[in-house]
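Please open the model in your viewer and keep the selection panel at hand.

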Amino acid sequence: MQRITVQTTPIEGQKPGTSGLRKKTRVFMGAHYLENFVQAIWAGIGGVAGKTLVLGGDGRYFNDRAAQVILRMAAASGAKKVIVGQNALLSTPAASNLIRIRKTGGGIIMSASHNPGGPEEDFGVKFNTPNGGPAPEDVTNRIFEATRQVTSYDIVETQDIDLSRLGAMRLAGMEIEIVDPVADYAALMETLFDFDAIRGLLASGFRLRFDAMHAVTGPYAKAILEEKLGAPAGSVVNAVPSPDFGGGHPDPNPIWAKELMDAMFAADAPDFGAASDGDGDRNMIVGRGIYVTPSDSLAVLAANAHLAPGYAAGLKGVARSMPTSRALDRVAAAKGLDCYETPTGWKFFGNLLDAGRVSLCGEESAGTGSDHVREKDGLWAVLLWLNIIAVKRQAVADMMTVHWSEFGRNYYSRHDYEGVETDKANTLVDDLRARLADLPGKVFSGLTVETADEFAYDDPVDGSRSENQGIRVAFEGGARIVYRLSGTGTVGATLRVYLEDVESDPAKMHRDAQEALSAVISAADEIGGITRFTGRSEPDVRT
Ligand code: VG1
Ligand code: CO
């Protein structure tokens with residue numbers, strides 16, 4: 001076993017986006033690509049000598065190879081120990097939990113989350129800090145700077161480690177501990193929820209379908225929902241993680257989780273359906289015959305979290321990403337809770353959670369979580385829903401009707417234009433930015449603009465400022481449009497257009513969202529010039 005130093009040169013474009021560095025798998029597999037980035041992580045966090053790290057990933061293609069490289073590089077740079085999930089698997093929330101409970105120096109999560117996997121698809125690497133959360137911008141900036149300076153990396157030459165066997169071993173003086181990826185996470189869930197009550201619900205004939213989408217949550221959902229809570233075998237479907245996610249997009253929304261949607265809208269539909277994404281941090285909630293938007297789900301959880309033991313004392317405060325609908329704000333106002341608005345990406349919730357200002361947060365992209373870890377958590381959201389239903393014994397559709405009549409309804413949809421030429425997408429945003437000051441008072445599709453600005457966030461805890469976080473246009477009466485470019489894609493640009501309107505008349509609360517938002521949708525095109533700049537007349541994905 002020999003520690004060697006390999007000469008390299010900086011590789012362009014290793015800039016972490018909304019959630020880590022994501023590139024085509026082939027790019028990551030290219031000479032020195034992964035190694036350069038990992039060496040830059042070590043540099044960006046002040047080295048790993050003497051530190052204990054956590055390592056795991058979502059099981060996508062190249063996950064196993066990348067794990068071997070990262071272990072050899074950690075050993076070469078003097079890390080004390082790496083705690084690895086068996087077979088290099090860990091869901092993102094389970095990794096966050098391990099980083100925290102083992103009091104480590106952070107961890108590396110190998111995932112491109114909801115992006116498809118495989119040799120022709122996407123791979124990703126993300127560093128989480130000792131609090132268990134995604135590295136904040138100052139850290140990712142340092143990592144990016146280091147990728148531009150890197151001239152060599154250190155690695156140990158050795159055979160592959162067998163990551164399938166639980167237990168301890170050594171690699172060039174570094175300890176490796178291979179752990180069951182599920183055990184500690186499942187134990188944490190038992191401290192938060194009333195498992196007896198959920199068991200009772202499931203024993204009463206309540207039927208559940210959880211679609212793991214061939215991704216990492218399969219083993220977690222089987223262990224918790226079927227084995228611990230007694231859901232009948234087969235309640236968890238697509239439960240075996242596969243390197244290409246069965247050829248699908250592991251993105252839990254009505255488009256990519258169509259199989260689940262079909263099952264939930266069928267005549268003999270189960271009572272409750274849910275799905276999770278590649279790395280297990282997102283959730284989709286569907287009742288029999290009703291899809292719950294992530295923004296509504298967040299609001300329902302905020303209104304009812306106190307029904308679960310882990311939140312019985314009430315919430316400290318809540319937070320949502322800026323493009324997420326303001327359904328949450330209504331609940332917060334009614335309950336007298338502080339409600340924070342942050343830029344897109346979980347890293348912006350970390351300070352609020354650490355400071356004890358909020359205990360529940362969420363994003364419109366199907367991410368919901370609490371202060372139990374520092375990541376969004378798909379299965380946690382499903383368990384909270386089940387705990388609430390076990391107490392209320394109400395159908396999901398009835399819960400939504402009651403919720404909307406109490407708080408009002410925010411109709412909401414996101415339209416994505418994918419693979420747009422980067423120049424065209426940037427031109428659209430620049431053009432719109434230049435016109436913002438002229439928009440107030442103007443009328444589009446019958447809607448009068450009240451305010452128009454570009455969102456910048458001043459972190460109330462550490463005072464840092466993050467600019468250019470999306471363009472928002474608010475209308476008289478409460479409608480709103482947000483435009484921003486995705487920071488997780490790997491091909492061209494993805495334009496996301498977030499559309500919202502409020503409805504307080506109970507008679508109008510059961511409309512189709514696209515129909516209810518039709519004026520907002522046409523205003524979005526008029527104001528942003530979507531068709532004009534991109535040549536697209538329809539979005540690729542509507543969620
Ligand atoms: C998307 C979502 C964002 C989420 C991020 C990471 O980012 O919009 O809400 O935090 O993905 O989620 P973007 O920049 O593409 O809009 V995950 O589950 O893919 O790590
Ligand atoms: Co994810």
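Begin with the open sheet of 7 strands, whose order is 2-6-5-3-4-9-8 and whose pairing is mixed. Strands here are DSSP runs (E, at least two residues), numbered from the N terminus, and two strands pair if DSSP finds at least two bridges between them. At the edges of this sheet, select strand 2 (21-24) and strand 8 (167-171), each of which pairs on one side only. From one strand to the next, the twist averages 20°; axes are lines fitted to C-alpha atoms, and angles run from 0 to 180 degrees between N-to-C directions.

A note on conventions: this is a predicted model, in which local features need pLDDT of at least 70 and side-chain atom pairs count only at pLDDT 80 or more, while totals for chains, interfaces and linings use all residues. Residues are numbered from 1 along each chain as its sequence is written, chains are lettered from A and ligands numbered from 1 in the order in which they are written, and side-chain values use heavy atoms, with hydrogens and water left out.

Next, select residues 52-57 and 107-110: these are strand 3 and strand 5, paired in the parallel sense over 4 bridges. Gly57 has Met110 in strand 5 as its bridge partner.

Move on to strand 8 and residues 174-179, which form strand 9; the two strands pair in the antiparallel sense over 5 bridges. Leu171 stands opposite Met174 in strand 9. The hairpin of these strands has 2 residues between them, and Ala172 takes a positive phi near 45° there.

A further open sheet has 4 strands in the order 16-15-17-18, again with mixed pairing. Strand 16 (339-342) and strand 18 (367-370) each have a single partner strand, so one side of each is left without a neighbour in the sheet. The twist in this sheet averages 15° from one strand to the next. Within the sheet, select strand 15 (residues 318-321) and strand 17 (residues 360-363), which pair in the parallel sense over 3 bridges; Val318 stands opposite Leu360 in strand 17.

Finally, select ligand 1. How many residues surround ligand 1? There are 20, and the closest are Thr18, Ser113, His114, Thr488 and Arg496; a residue counts as near if one of its heavy atoms lies within 4 Å. This shell comprises no nonpolar, 10 polar and 10 charged residues, where Asp, Glu, Lys and Arg count as charged and Gly is among the polar ones.

Now display the polar contacts, which are pairs of N or O atoms within 3.5 Å:

- Arg22: a polar side-chain atom lies 2.9 Å from an oxygen atom of ligand 1.
- Asp281: a side-chain N or O atom is 2.9 Å from an oxygen atom of ligand 1.
- Lys376: a side-chain N or O atom is 2.9 Å from an oxygen atom of ligand 1.

Conventions
A polar contact is a pair of N or O atoms within 3.5 Å; within protein, one must be able to donate a hydrogen and the other to accept it, and residues adjacent in sequence count only if both atoms are side-chain atoms.
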